[in-house]
Amino acid sequence: MKIAFSKPQTPKKGAVVVFADQNKNAPRLLACALAFDKTLGGAIKRAMGASRFKANAGQTLVVLAPGKGSISRVIVVGLGKGSEVKDLVAEQAGGVATAQLGASGDERAAVLVEVPKGCKLSIAELAAHVGVGARLRSYRFDKYRTTEKKENKPALDRLDVQVPATAMAASGRLFRRLDAVAGGVFSTRNLVSEPANVIYPETLAREARKLSRLGVKVEVLDEKKMKKLGFGALLGVGMGSARPPRLVVMQWNGASAKGKKAAPVAFVGKGVTFDTGGISIKPSKGMEDMKWDMAGSGVVIGLMQALAARKAKVNAVGIVGLVENMPSGRAQRPGDIVKSYSGQTIEVLNTDAEGRLVLADALWYCQKRFKPQFMVDLATLTGAIIMALGAHHAGLFSNNDKLSDQLLDAGKAMDEKLWRMPLGKAYDRQIDSKAADVQNISSGGGAGSITAAQFLQRFVNDVPWAHLDIAGVSWSGKDAPTVPGGGTGFGVRLLDRLVADHYEGS
Ligand code: BES
Ligand code: MN
Ligand code: ZN
């Protein structure tokens, strides 16, 4: 879909998107919408009056265009109170409009934007955010649907966001920056949506390699290299699979001349391309979901793409540990003891607690080699975080209050919300092992997401570190304004925002 910013003109064909805000709780068309409505003989106002449309943020009303013209329909999108219209409301408005346009089968639409009374955004900001909201909602993963009828698919291929000539350049510039990040989100959604017969460690590493086109330095460590380094924890997980594991290291060195040598920020992702549970095998019902057990690595790859595509002024490292967790005659057994890259020995009491084993070596490698300013890891680590927080927050665990607060704020700003969970000595004791230095599950005491995080912390020295448990937020069963059902890409926009707000030199 092409999203363009063009100068205002009365639309003559296709669909038209207009906005309404709330004035003393009553819906009110914005001035440019009102002017357009005159050309339709007041049909929009009449339809609004005859409906329950209240112009709540995200609410829509579809009005079929009257008369003989070539306008198909008008989508009225509610913004709520003008004073509450921020970036996210604008994005949601663009998103819900796009969903309506997709359902109605329109090929072209004009969007009439205007800053509502009381709103502090500039027209360029408003337009750019409406545009990126439209982009984010337009995502579909339909490459394997070869018999879906054309008339059942969205047909929208052009959106013209109308802005005054004086704001066109600024709208385009801001949109391109936001769209670069949306491109990263799309890559993550694609990777997460691909089935495990297509995306496995080697092919996921191949996808990551494609980032070199954007100037990202990409290295891939194979099994032999990892054996030599002593990645016993990660390699143990991969033993049962016919697909050999990989570790990918991505580097974006974008810091300005002044900060060229600055320590990088680092992101580490769990990339279990399929999690059967291994010998501690999972029940078959719902096991197909475990194709997206590589979401953490998908986010790291999408984030590195976003940072490179918008030429972020930062040095950033992305590391993903890629393995398939399968049962077989060569698989790791419950009770096995492995030696991690850190030197600590691990008693593997449950082969289904595999993500933490992969991350243990990836985290240690990251801090040892790069000495980063901070490390943030992302992992679909525990079912328990879904019990605790559902789909509306990811779990945040951290040894650093400043980094935590920065992450919490970035999450609120991008509507990818986090909730901080505790860490502590008493939880840490739950994973002391009788046979080795640490065991990979606790032998009772509940708090499964926390003990998982405690396990990770044993492989982090005193570098500021945060762990995001994204098991509940990486896949969604239903559509949201800017996130269609399926792989969400949760984390890309959040971490891009973290970097933009705090870690980019001027
Ligand atoms: N990948 C799963 C966690 C998960 C569950 C992600 C549901 C997304 C949806 C993880 O590897 C796992 O199996 N965790 C176990 C840990 C347990 C064995 C201590 C779990 O949560 O049951
Ligand atoms: Mn598992
Ligand atoms: Zn897993």
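1. Helix α9 (residues 295-309) packs against α15 at an angle of about 45 degrees, and their axes are 9 Å apart. That angle makes α9 oblique to α15, where angles under 35 degrees count as roughly parallel, over 145 as roughly antiparallel, 65 to 115 as roughly perpendicular and the rest as oblique. Axes here are lines fitted to C-alpha atoms, for helices over the stretch in contact, with angles running from 0 to 180 degrees between N-to-C directions. Helices (H or I, at least four residues) and strands (E, at least two) are DSSP runs numbered from the N terminus.

2. Before going on, a reminder that this is a predicted model, in which local features need pLDDT of at least 70, side-chain atom pairs count only at pLDDT 80 or more, and totals for chains, interfaces and linings use all residues. Residues are numbered from 1 along each chain as its sequence is written, chains are lettered from A and ligands numbered from 1 in the order in which they are written, and side-chain values use heavy atoms, with hydrogens and water left out.

3. On the α9 side the contact is made by Val299, Gly302, Leu303, Ala306 and Leu307, and on the α15 side by Val492, Leu495, Asp496 and Val499; contact means heavy atoms within 4.5 Å. By class, this contact of α9 with α15 has seven nonpolar, one polar and one charged residues. Ala, Val, Leu, Ile, Met, Phe, Trp, Tyr, Cys and Pro count as nonpolar, Asp, Glu, Lys and Arg as charged, and the others, Gly among them, as polar.

4. Which residues of α12 meet α15? They are Gln406, Leu407, Ala410, Gly411, Ala413 and Met414, facing Arg493, Leu494, Leu495, Arg497, Leu498 and His502 in α15. This contact of α12 with α15 divides into seven nonpolar, three polar and two charged residues. The axes of α12 (residues 401-414) and α15 come within 8 Å and cross at roughly 120 degrees, which makes α12 oblique to α15. The crossing is right-handed.

5. Helix α5 (residues 165-193) also meets α15 (residues 492-502): their axes come within 9 Å and cross at roughly 140 degrees, so α5 and α15 are oblique to each other. The crossing of α5 and α15 is right-handed. Arg177, Val181, Gly184, Val185 and Thr188 in α5 touch Val492, Arg493, Asp496 and Ala500 in α15. The contact of α5 with α15 has four nonpolar, two polar and three charged residues.

6. Now the open space. The largest pocket has a volume of about 700 Å³. Its lining has 27 residues, of which Ala391, Asp415, Ala480, Val483 and Thr488 lie nearest its centre. The elements giving two or more residues to this lining are α3 (87-104), α5 and β19 (475-476), and α3 gives the most, with three residues. The lining of the largest pocket divides into eleven nonpolar, eight polar and eight charged residues. On a 1 Å grid over the protein atoms alone, a pocket is an open set of points with protein on both sides within 12 Å along at least five of seven lines, and lining residues have an atom within 4 Å of a point.

Key. Left-handed = near helix turned anticlockwise from the far one by under 90°. 1 Å grid on protein atoms, 1.4 Å probe; cavity = no way out; pocket = protein on both sides within 12 Å on 5 of 7 lines; lining within 4 Å. Points joined across faces, edges and corners; volume = space filled by probe spheres on them.
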